[in-house]
Amino acid sequence: MVIRRDYYLNQLISRKWNGMIKVIAGMRRSGKSYLLFNLFVAHLKSSGITDDEIIRLELDRKENEQYRSASALYEYIKERINSRGRYYVLIDEIQLAGDAF
């Protein structure tokens, strides 16, 4: 069963390019990652945004452990940017990148 999160999705969409970093906060297992990586990405793709313009990283995954430092995270993002266009950087569990703040 899919739980629609139209209110929260519309909040993200309406503030896409306001110059601010968006933080999705809430209780554990409440659908924050689903909102970001499924619903918001689906919206972006339906708006013509390509996979190359969406930089995704889930820091809680074992295979992404090496990006938990500020310098490694910076390099990861920088390597995926290949033009002066706009990019969407979606990071899950950013609190695991402790020295990035």
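User: What makes the meeting of the Lys45 and Asp51 side chains a salt bridge?

Analyst: The gap from N to O is 2.8 Å. The rule asks for a side-chain nitrogen of Lys or Arg within 4 Å of a carboxyl oxygen of Asp or Glu, so the Lys45–Asp51 pair qualifies. Keep in mind that this is a predicted model, where local features need pLDDT of at least 70 and side-chain atom pairs count only at pLDDT 80 or more, while totals for chains, interfaces and linings use all residues. Residues are numbered from 1 along each chain as its sequence is written, and side-chain values use heavy atoms, leaving out hydrogens and water.

User: Which residues are linked with Asp51 in a network of salt bridges?

Analyst: Lys45 and Arg56. The side chain of Arg56 meets Asp51 at 3.3 Å, N to O. By that rule, the count for the model comes to 5 salt bridges. Another one of them joins Glu79 and Arg80, at 3.5 Å.

User: Why does Arg80 count as partly exposed, while Glu79 gets another label?

Analyst: Buried means under 20% relative accessible area, exposed means over 50%, and partly exposed is in between (with a 1.4 Å probe, protein chains only). Glu79 has 59%, so Glu79 counts as exposed. Arg80 has 31%, so Arg80 is partly exposed.

User: How do you know that the buried residues of H3 line one face of the helix?

Analyst: H3 covers residues 70–80, and Leu73, Tyr76 and Ile77 are buried there. (Helices are DSSP runs of H or I with at least four residues, strands are E runs of at least two, and both are numbered from the N terminus.) Seen down the axis of H3, the buried residues fall within an arc of 90°, so they sit on one face. That arc is taken from the directions from the helix axis to the C-beta atoms.

User: What do the buried residues of H3 pack against, and which exposed residues sit on the face turned away?

Analyst: The packing partners are strand E1 (54–58) and strand E2 (88–92), where contact means heavy atoms within 4.5 Å. The face turned away from the buried side carries Ser71 and Glu79.

User: Asp92 is in E2. How do you know that Asp92 has no salt bridge?

Analyst: The nearest side chain of opposite charge belongs to Lys32 and is 7.2 Å away. Here Lys and Arg count as positive and Asp and Glu as negative, with His and the chain ends not counted.

User: What does the Asp92 side chain make with the side chain of Ser33?

Analyst: A polar contact, at 2.7 Å. The term covers a pair of N or O atoms within 3.5 Å; within protein, one must be able to donate a hydrogen and the other to accept it, and residues adjacent in sequence count only if both atoms are side-chain atoms. Leaving out residues up to four places away in sequence, Asp92 also touches Phe37, Leu57, Glu58, Leu59 and Asp60.

User: Why is Asn64 called buried?

Analyst: Its relative accessible area is 13%, so Asn64 falls in the buried class. Asn64 is in the loop between E1 and H3. A polar atom of its side chain lies 2.9 Å from the backbone oxygen of Glu58.

User: How many residues are in the largest nonpolar core, and which have the most contacts inside it?

Analyst: It has 13 residues, and Phe40, Leu44, Ile54 and Leu90 have the most contacts inside it. A nonpolar core is a set of buried Ala, Val, Leu, Ile, Met, Phe, Trp, Tyr and Cys residues joined through side-chain atoms within 4.5 Å. Helix H1 (6–14), helix H2 (32–46) and E2 each give two or more residues to this core, and H2 gives the largest share, 7 residues. Apart from this core lies another of 9 residues, among them Leu57, Leu59, Tyr67 and Tyr87.
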